[in-house]
Structures are given as structure tokens and as C-alpha cells.
Amino acid sequence: MSNQGMNVLVTGANGQLGNEIRIVSKRSKDNYIFTDVVEVEGQETTILDITDIDSIRSFVKINNVKVIVNCAAYTNVDKAETDQGFCEILNAKAPENLAMVMKEVNGLLVHISTDYVFGGDPYNTPCREDQKGTPTGVYGLTKLHGEQNIQAVDSDYIIIRTAWLYSEFGKNFVKTMLNLTAEKPRLNVVFDQVGTPTYAYDLALVIFDILENRKYEGNNGIYHFSNEGVCSWYDFAKMIAEYAHNFGCDIQPCHSDEFLSPVKRPSFSVLDKTKIKETFGVIIPYWTDSLKRCIFNLKGECFSNE
Ligand SMILES: NC(=O)c1ccc[n+]([C@@H]2O[C@H](COP(=O)([O-])OP(=O)(O)OC[C@H]3O[C@@H](n4cnc5c(N)ncnc54)[C@H](OP(=O)(O)O)[C@@H]3O)[C@@H](O)[C@H]2O)c1
């Protein structure tokens with residue numbers, strides 16, 4: 001691939017990560033093209049369904065796309081349990097389509113995966129990239145299949161597994177907790193699931209840096225990225241309430257089995273990020289620093305990522 005400005009296709013651009021990539025790529029020398037399955041008012045979006053390989057192939061050829069950043073996925077973990085067929089198409093078959101099309105044009109696929117490929121075994125140390133996947137549900141299983149399908153195509157690829165994603169966009173735990181802790185006098189939140197929150201803006205910056213500075217050359221592989229640190233969903237909720245000054249809600253720790261859920265979630269899915277830091281020179285913010293920044297942005301109080 002040449003070092004001149006190139007065309008970068010972002011799929012699922014109306015989601016959390018896709019919207020953060022819209023923000024960080026404004027300063028790029030490359031040309032970013034944003035696509036999704038629906039148009040959203042006020043956002044420039046071209047319709048492109050990643051399950052349709054013919055559409056992808058012709059879009060890539062017409063627009064001379066050299067890199068695809070796949071932010072599209074089936075992300076409803078509970079619903080996936082009763083929708084395995086479509087979940088497999090979107091999370092496993094569609095990434096294979098993207099990898100095959102990139103192979104045809106000698107391009108690169110940047111694909112996002114998840115900490116939920118782990119969790120079936122009782123870990124208590126951070127998960128490394130080469131550790132065996134042991135998903136506990138359909139979402140994690142189909143995302144693992146997506147990774148395996150991309151690797152089998154043998155095109156240039158970078159797969160980044162991330163975890164507990166939140167942002168100013170769409171639905172996520174931070175926005176839910178901001179509302180609940182403002183409204184409810186008491187809330188129980190699970191403390192027996194441990195991981196690391198990830199501000200989608202921080203992940204977008206890393207993807208942008210890898211592409212903008214052509215750091216992907218010779219670095220095919222799977223990488224882990226979350227913010228730094230470790231917490232439970234209970235700790236996460238406590239910090240959200242604190243930063244939002246929602247002091248009227250009594251937040252208590254509880255066990256996962258106190259909530260009815262169609263799927264068992266990993267009890268420990270902390271990601272070891274040594275590889276991404278050493279390969280790409282990434283400096284990762286601590287999770288509470290990024291959380292503070294996102295909440296201030298949401299409340300329009302202080303920072304702006306633009
Ligand atoms: N959210 C998390 O906590 C989390 C944690 C770890 C890893 N990840 C991974 O990180 C990535 C980004 O997650 P996110 O939270 O930003 O996802 P998201 O907000 O759910 O965004 C996904 C986007 O993809 C779109 N989409 C659905 N089907 C599509 C199709 N056939 N073709 C093109 N676009 C399609 C969705 O549209 P609709 O909304 O209309 O369906 C949505 O706009 C995903 O790969 C996810 O698996 C997420």
C-alpha cells in the first residue's frame with residue numbers, strides 16, 4: 001500500500017465507536033467514508049450492509065477503498081441468545097466477507113472484537129491475545145468465529161478486542177447509570193463481574209493513530225485494548241454517580257444471580273494490553289480519567305473531543 005492519502009471505509013458508523021471515529025478522523029490526511037444500514041439525521045452516512053458481499057465488493061472497487069474499519073456488529077448480548085443464526089451472519093460471516101474483499105484489493109481490515117470471547121474458564125489474571133477463547137454465550141461465540149474467519153482468509157488484518165465500551169453516543173452503561181442514579185433512591189449493581197471500561201473515543205484515537213501513521217505495516221494480528229485499571233460494574237456505577245454528583249442514590253453491590261439474564265456473562269475478562277502498547281507505542285488513559293471526560297462531555301460542562 002502507498003503512503004499517499006488513502007480511502008478508509010468505516011462500517012457501522014452510526015454506532016458508539018463509529019461516531020467517535022467520525023470525530024477523530026476529521027484531522028486526517030486520508031479520506032474517511034462513513035457507512036451504516038440506516039441514515040441518521042445530521043450525519044453523513046452512505047447505506048452499506050456488511051452482510052451483502054456484492055455491495056461491499058462494488059463499493060470498495062468504485063471508491064478505491066484501501067482500509068475497512070469494521071465497527072458494525074450484533075451487540076445485543078441478551079437478544080443474541082435467541083437470534084443465533086442472524087448473530088452468526090453479522091458477527092462471523094460478514095467480517096469474513098470484508099476480509100475477502102480486502103484480500104482482492106490488497107487492502108487492510110481493522111476489525112473490532114470483544115472480551116466476551118473469554119470468560120468460560122476461571123481466570124484471575126489478565127487475558128492475553130493468544131489465550132484460548134472460552135465464550136459463555138452466543139455473542140462471544142459468534143465474535144470468536146468472526147476472528148477465526150478473518151484469520152482463515154489470510155488478508156492483512158488487525159483485530160482489536162475491547163471491553164465495556166461507552167461513549168456519548170447510543171445506549172451504554174454510563175448513560176443508563178447517569179439516568180438511574182439521578183432518579184432512583186437505591187440501586188443494586190453486580191460486583192462479581194470484573195473487567196475494564198473503555199471510552200470509545202480512546203479506542204478511536206488508537207485506530208486513527210495506527211492508520212494515520214501507517215503503523216499497521218507488518219503488524220497483522222490480534223490486539224487487546226481497554227482503558228487502564230480494573231473494576232466491577234458496581235465500582236463503575238459508583239464512579240459514574242460520583243462524577244455526575246448524583247449523591248442521592250444509595251448504590252449497593254449484589255451478585256449476578258440476583259438478576260434474571262438469558263446469558264451468563266464473564267466474571268473476569270480483564271484484557272492484558274502489553275502487546276498493543278509495545279507494538280504501536282500506545283499510551284492508555286486510566287479508566288476513571290476517561291470516564292470523567294465522557295461525563296463532562298455528556299453534561300456539556302468542560303472538555304470537548306472535537
Ligand atoms: N458495546 C460494547 O460494550 C462492546 C464491548 C466489547 C466489544 N465491542 C465491539 O465493538 C464494536 C463496536 O461496538 P459499538 O458499541 O460501537 O456498537 P453499536 O453502537 O451497536 O454500533 C454498531 C452499528 O452497526 C450497525 N449495523 C448493524 N447491522 C449492520 C449491517 N448489517 N451492516 C452495517 N452496519 C450494521 C448498527 O446499526 P443498528 O443500530 O441500526 O443495528 C450500529 O449503528 C463491535 O464490534 C462490538 O462487538 C462492543
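**Group meeting: salt bridges, a helix and a loop**

Okay, let's start with Glu 228, which at 22% relative accessibility counts as partly exposed (buried is under 20% relative accessible area, exposed over 50%, partly exposed in between, with a 1.4 Å probe and protein chains only). Before I go on: this is a predicted model, where local features need pLDDT of at least 70 and side-chain atom pairs count only at pLDDT 80 or more, while totals for chains, interfaces and linings use all residues. Residues are numbered from 1 along each chain as its sequence is written, and side-chain values use heavy atoms, leaving out hydrogens and water.

So what does Glu 228 pair with? Lys 273 forms a salt bridge with Glu 228, with the closest N and O atoms 3.5 Å apart. By salt bridge I mean a side-chain nitrogen of Lys or Arg within 4 Å of a carboxyl oxygen of Asp or Glu. This pair links distant parts of the chain: Lys 273 is in the loop between E13 and H9, Glu 228 is in the loop between E11 and strand E12 (231-232), and they are 45 residues apart. Helices (H or I, at least four residues) and strands (E, at least two) are DSSP runs, numbered from the N terminus. Lys 273 is buried, at 6% relative accessible area.

How many salt bridges are there in the whole structure? A search finds 12. Take Glu 96 and Lys 93, whose side chains meet at 3.0 Å, N to O. Both sit in helix H4, three residues apart, about one turn of the helix. Glu 96 is buried at 19%, and Lys 93 is partly exposed at 40%. Then there's Lys 215 with Asp 209, closest N and O atoms 2.6 Å apart; Lys 215 is partly exposed at 26%, and Asp 209 is partly exposed at 21%.

On to helix H5, residues 138-153. Its 16 residues should span 22 Å at 1.5 Å a residue, and the end C-alpha atoms are 23 Å apart, which agrees; the expected span is 1.5 Å times one less than the number of residues. Buried residues of H5 include Tyr 139, Leu 144 and Ile 150. Among the elements covering the buried residues are helix H4 (84-104) and strand E5 (108-114). Just after H5, Asp 154 takes a positive phi of about 65 degrees.

Last stop, Phe 259, in the loop between strand E13 (250-254) and helix H9 (274-280). Is Phe 259 buried or partly exposed? Partly exposed, at 46% relative accessibility. Not counting residues up to four places away in sequence, Phe 259 touches Asn 188, Val 190 and Cys 254, contact meaning heavy atoms within 4.5 Å.
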